[in-house]
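Have a look at the model, then read on.

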Amino acid sequence: MTIIIGYARVSTEEQAFGSHALEQQIQRLKDAGATQIFFDVISGSKNDREQYNQVLELVAKNKVDKIIATRWDRLTRSEEGYQYLKSLFRDSNVVLEFLDQGVVDLETASGELNADIQVIMAVHERRMLSERVRRGQEHRRKKLDAPGRAPFDYIVVCNKYKLDTRPLVCLLNERPSNFLELCLEVDPNKLPGRSKADIATEIIEVFLELKDSNQVINHFYDKYGLIAHPGSNSSYNESLVLPRSASHLRDWLVNPVLEGHTAYHKYISKGKLKPRSEWEIHENTHSNDRLLCPEKAEEITDILKLNSNKMGKLKKSYHLTGLVYCKSCGSKCVAKTSRNRHYKYYGCRLAKKGCSNGSNTHFGDIEKAVIKELFLVPNKFVFIEKERTATIKRRSNQKITKPIVMIAKTIKVFKR
């Protein structure tokens with residue numbers, strides 16, 4: 001039986017569910033004869049995509065006859081990803097077809113040139129998009145408009161931050177006696193319940209009382225009955241997005257938006273903050289909608305500084321960090337160490353923060369499992385370790401580094 005896999009991808013959830021772009025791609029792949037469909041909702045510049053990696057793993061194991069996608073940019077928009085795909089498809093003899101660009105021929109010079117040009121255009125389109133985004137952000141900064149996404153307790157109204165006071169959630173022990181009658185109410189502002197602004201105020205008060213980020217996170221996930229899910233910040237109500245980790249909470253507490261200010265140029269790259277002294281902060285842009293007065297903001301800063309001096313951190317990074325996932329909730333695990341520094345292990349980063357999995361797995365056990373997985377297929381891979389870095393070589397001495405990532409990601413740990 002011929003195995004034909006179809007792969008679809010969109011960059012955002014809005015494209016996936018708002019414009020039906022993902023649904024259209026999937027239907028086209030089915031009409032083209034795909035027997036299995038894989039899809040991701042993530043940027044094409046990122047090669048670490050869950051279902052994309054599953055497809056590549058099947059190709060590497062020679063379990064696929066044909067791959068179908070709509071265009072090259074659905075598979076990749078990065079030069080590194082394209083070079084790896086070329087090498088992989090040449091070795092596997094899998095037919096690669098794009099519905100808008102035809103069948104890919106990597107066996108001839110002209111066919112490879114055609115593929116190169118198509119991918120170069122996809123990469124160029126991504127660069128142009130990034131340039132337009134940067135120009136738009138610069139224009140917003142000059143007008144002192146709210147940049148990017150607002151913190152969970154704010155919304156952007158007329159390009160300014162405003163506290164989100166819309167009723168969102170009502171605890172069972174706080175519901176009114178006439179709650180059954182309220183199910184017919186069409187105006188949400190007339191319903192009882194707590195808004196995101198109310199919950200944010202409560203988080204600040206609890207933090208000032210407990211003075212510990214982890215305890216605060218545990219308190220609110222338990223109070224609101226939230227359960228951790230991979231790739232999301234909450235459970236049954238996707239609108240209730242709370243800080244999901246201690247570091248996330250600390251970043252939120254020092255956000256100038258809570259003090260009524262607007263900050264620009266906060267990030268070195270996506271997710272990596274610059275020191276606060278390097279931020280461009282414009283004060284009192286929404287002073288009527290601030291959560292923190294200067295005195296409370298200073299008190300929180302002092303608490304966080306004191307806590308940081310007490311925190312013990314691993315001084316080393318390990319080659320499997322970022323590749324170990326929790327079996328219960330699917331979130332990434334973090335490297336930890338015991339107090340006496342003799343026991344090093346991986347534990348779920350959301351343990352007691354919406355994830356019930358409090359178990360852990362020793363470094364050595366995970367490394368043995370990875371090595372065992374590498375040798376499941378005899379004579380296919382040779383595992384080589386040099387200067388604390390791991391690479392894989394085929395018998396033909398051709399280097400490939402991607403399979404170790406895919407194999408490591410299949411190792412599900414915990415629940416001993």
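Q: Which residues does Ser 195 touch once you set aside its neighbours within four places in sequence?
A: This is a predicted model. In it, Ser 195 is in contact with Asp 164, Thr 165, Arg 166, Pro 167 and Leu 168. Ser 195 itself sits in strand β9, which covers residues 194–195.

Q: Why is Ser 195 called buried?
A: Its relative accessibility is 2%, and buried means under 20%. The value falls under that cut-off, so Ser 195 counts as buried.

Q: What makes the pairing of the Ser 195 and Asp 198 side chains a polar contact?
A: The two side chains come to 3.1 Å, and the cut-off is an N or O pair within 3.5 Å, with one atom able to donate a hydrogen and the other to accept it. That's why the pair is listed as a polar contact.

Q: Why does His 265 count as partly exposed?
A: His 265 has a relative accessible area of 42%. Buried would need under 20% and exposed over 50%, so His 265 lands in between. You'll find it in the loop between β10 (262–264) and β11 (267–269).

Q: What is noted about the phi of His 265?
A: It's positive, about 55°, although His 265 is not a glycine. Asn 284 also has a positive phi of about 55° and is not a glycine. Asn 284 lies in the loop between β13 (280–282) and α10 (294–310).

Q: How do you know whether Asn 284 is buried, exposed or partly exposed?
A: Check its relative accessibility, 46%, against the limits of 20% and 50%. The value sits between them, so Asn 284 is partly exposed.

Key: Residues numbered from 1 in each chain as written. Predicted model: local features only at pLDDT ≥ 70, side-chain atom pairs only at ≥ 80, totals over all residues. Heavy atoms only, no water. Helix = DSSP H or I, 4+ residues; strand = E, 2+ residues; numbered from the N terminus. Buried < 20%, exposed > 50% of the residue type's maximum accessible area, 1.4 Å probe, protein only. Contact = heavy atoms within 4.5 Å.
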